[in-house]
Amino acid sequence: MQTIYRPGQWYLIVIPGALVALPPDVPGDVVARLWERMPEEKTLATVVDVLTAHAGGSFTSLPSFVAAVAEGADVRIALRGAVSAQVATPTDSFELSGAEVTTWNERFLGGASKIEITVEAPTDADGLPVQSGIVRAAAVSAELEPSDADPLTSVLGPSPVVGAVLSEPGLPEAVAAEPVVSEPEAEPEPAPEPEPALEPVVPEPEAEEPLPLIEDAFLPPTEVTLAPPVDDDFDQLWGATVHSVGGAAPVVPVPVEGDHDGATVSAADLRALRQQPPVANDAPTEVLDVAPAPAVASVGRIRLSTGQVAALDRTVIIGRRPRSTRASGANLPHLIAVESPQQDISRSHLEVRPEGDTVVVIDLHTTNGSTLLRPGADPVRLHPGEQTLVLSGDVVDLGDGVTVAFEDLP
């Protein structure tokens, strides 16, 4: 990754395939913690984990930041605060901003070739190259290379930095490597004479103390997703998705014409049903409940009409300004922001959730609703807050010309 930065006041962490910019009021130990973790855990979730830990687990207390991470030939970028970025692809150029968002603005862009990030008004100083390290910057420009997505082989220290390198308390400094001089091997000492074997002493078993009795103990049930009432003003205050503890919500089949006997089939039977030819327009469509199956790494992907693509390796939330209260890196959902000039799409509009080797969608109690389009069947309006099973080839219409297509589901 060929990187050129303009000097400024923000912290800029540079490693091959990743850029992280933090404001000057962020403590030095937070910057140092990111510098230590990013080489081995080069993901956006790592940045969010470190910053939310510093903010006490509150998304509203997160500092402004920019984080861009290469994923193969693609790039995932997140912005929060009065910062901006321009990402170029072979066919288009995207202007991104982190202003006026509740959490952060996250985008996944395929085939990105160049990233330009601006965090403050740049000075007239000349741009300086940097390969790996921590510098003070106002803006940065990076040319992406295929090797940027490869994991780094060592995190023992920073690579050589060309340009200004910080030297402040709590931050790593560039240190010249000293030659290693091998010492002469010492002559082995003679082995000591063996001592006479002693008879083993068997300790007496100690009396076990009874475990204390804990009253009113309980185990937390599984996590589910709840949504606020149908009120966009409430959505503006709290967002459209709130995660809390409760019983798992049932999978609700798509309401279509025809009889349904309520039978439950296994995931293997479901895959066999999916391989059958599409149902003719004049034939009723039967949708069966699906028994839960073990979770897998990824069960396909979604492709938005805006060109955004996301792998279904975790929950995805789509909307004008999507947000989630989950702060754990393992469960951190993909947040995909889309434009809605007519305001047909809510801030957090649709949740796409992998369930074992199946995928369900949930309309998050939106004002204008969501519509499921399935080949060979009539359009179906999603019931707010209810899980609806989707198949490969299905399309969900969010309104304002934005659709979500499901591809390569098992």
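A salt bridge is a side-chain nitrogen of Lys or Arg within 4 Å of a carboxyl oxygen of Asp or Glu. The model is predicted: local features need pLDDT of at least 70, side-chain atom pairs count only at pLDDT 80 or more, and totals for chains, interfaces and linings use all residues. Residues are numbered from 1 along each chain as its sequence is written, and side-chain values use heavy atoms, without hydrogens and water.

By this rule there are 14 salt bridges. One of them joins R374 and D394, at 2.7 Å from N to O. R374 sits in the loop between β22 and β23, and D394 in the loop between β24 (387-390) and β25, so the pair links distant parts of the chain, 20 residues apart. Strands (E, at least two residues) and helices (H or I, at least four) are DSSP runs, numbered from the N terminus. R374 is buried at 13% relative accessibility, and D394 is buried at 2%. Buried means under 20% relative accessible area, exposed over 50%, and partly exposed in between (1.4 Å probe, protein chains only).

Pairing requires at least two DSSP bridges between two strands. Strands β22 (residues 371-373) and β25 (residues 395-399) are antiparallel and share three bridges. L372 has V396 of β25 as its bridge partner.

A hairpin of four residues connects β5 to β6. Five bridges join β5 (residues 84-88) to its antiparallel partner β6. V87 is bridged to F94 in β6. F94 also lies on the covered face of β6 (residues 93-97), together with L96. S93, E95 and S97 form the uncovered face.

Helix α1 (residues 28-37) buries G28, V30, V31, A32, L34 and W35. Their cover includes β1 (2-15), β2 (18-22), α2 (44-54) and β10 (133-143). R33 is partly exposed at 33%, and D29 is partly exposed at 42%.

K114 meets E143 with the closest N and O atoms 3.9 Å apart. K114 lies in β8 (residues 114-118) and E143 in β10, so the pair ties together parts 29 residues apart in sequence. Elsewhere, R301, R303, E407 and D408 are linked in a salt-bridge network.

How values were computed
Contact means heavy atoms within 4.5 Å.
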